[in-house]
Amino acid sequence: MVSLGCPKNLVDAEVMLGVLAKDEYEITTDEKDADVIIVNTCSFIKEAKQESIDAILDLAERKHDGRCHTLIVSGCLPQRYQEELANDLPEVDIFIGTGDYPRIAEILAEKKDSDGQLRYVGDPDYIYDETLPRLNSSPAWYSYLKIGEGCSNCCSYCVIPQLRGAYRSRPLDALVAEAERLAARGVKEINVISQDVTRYGSDLDDGSTLETLLRRLAAIEGIRWIRLLYAYPDGITDGLIELIRDEPKICKYLDIPIQHIADQVLKRMNRRSSEAQIRNLIATLRREIPGIALRTSLIVGFPGETVDDFASLMQFVEQTQFDRLGVFCYSREENTPAAAMPDQVSERVKRERCRKLMRTQARLSFRRNRALIGTTEQVIVEGYSEETELLLRGRSSRQAPDIDGQVYITAGTAEVGDIVSLKVTDSSDYDLIGEIVV
């Protein structure tokens, strides 16, 4: 199994692995030993599409120099381009969309009676439940909990509603049951994910909200950290802020995708927040939750983004000093309102603006990391440094898996998966260095 794209996609891949393992398939990490190879794809932006195509073509070679007899492409790419892919990729045996992946074992059984290329791409209206097995592919001490599927925000640049459908919340008790099973397996860190975690419960009729879910998760024995990813700014309530502040298990960390700060760009993006609302929210979060780590994502080169709009964005980043920041060049995706907008920005200008923002963020991140020297952070130990087994490495509660930096531990001993206190002694642009303290 090769899973590309976001953690939400990874959860789908883990469900497929769980279903196959239950059906007595053996999972291998060596692609040359695999009879069946699955590529779980992303097609959010053009770079993700290209990465998916490259992976498919590369793994198709295992049909010649490995044991592979069945190559499966699943997820967002076939959901979006099933006709084109069927014509252009004859080496693929099965295409599976975003709503049919739980049928993976059944689909493989059907393939045994067919010599032709098969496609299972229906309406994207499925959401998995707690009765399905799931094989956690992350390290044993953390996991993702996908609390909803799809998106109803309808940003003008985004294809997610087309690929995943409208937002659907999973039932509260089902999520708690899944989290309890994860905790029983030794998971200490739950990363709560969906396209918009703040929308959780809005489509349910039982009064469930993100706050009620978080309280239930915090009551589970064994869970030490709960992290929120993808919290839309207009959905962050006073009650949620108070809960993050007061509940020790909830990491003082929040991922808020704001995308831009210029009001005219936000309006064209069909975002619901204004510059004033975003600035006020950030000020409130830092006032009410001292030391909170804030992460955001920004899009540069959106249609109609002027020199002044970009200057406003640069100024905002300088003033706000986010702890974590991701920048994307606008990707003109077909069948989105933004693709038909006038005043498209050139690729050269997009790349130049992206580089400027990232250089600025590297400098700001370094400054914020230097300010942590002498402080004590809670760190989860994840193994040895990639460069030397003389150093342990881990993540602080201010760092999410895969997308943020790491902590390098120069003194002290601990077991993998332990959560320890660490005194920060040094830093780089994105990483921290420190010593375990008792």
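Okay, a definition to start: two strands count as paired if DSSP finds at least two bridges between them. Strands themselves are DSSP runs of E with at least two residues, helices are runs of H or I with at least four, and both are numbered from the N terminus.

Now, what you're looking at is a predicted model, where local features need pLDDT of at least 70, side-chain atom pairs count only at pLDDT 80 or more, and totals for chains, interfaces and linings use all residues. Residues are numbered from 1 along each chain as its sequence is written, and side-chain values use heavy atoms, with hydrogens and water left out.

So, the pairing. β16, residues 407-411, runs parallel to β18, residues 432-437, and four bridges join them. One to look for: Ile409 has Gly434 in β18 as its bridge partner. Both strands belong to a five-stranded barrel, which closes in the order β14-β15-β16-β18-β17 with mixed pairing.

Next, helix α5, residues 104-111. Which of its residues are buried, meaning under 20% relative accessible area with a 1.4 Å probe, protein chains only? They're Ile104, Ala105, Ile107, Leu108 and Lys111. These sit on the same side of α5, because they cover an arc of only 160° around the axis, going by the directions from the helix axis to the C-beta atoms. Among the elements covering them are α1 and β2, with contact meaning heavy atoms within 4.5 Å.

Last stop, the loop between β13 and α13. Most residues other than glycine have a negative phi. Asn335, in that loop, has a positive phi of about 65°. Asp343, also placed there, has a positive phi of about 60°.

Methods
Buried < 20%, exposed > 50% of the residue type's maximum accessible area, 1.4 Å probe, protein only.
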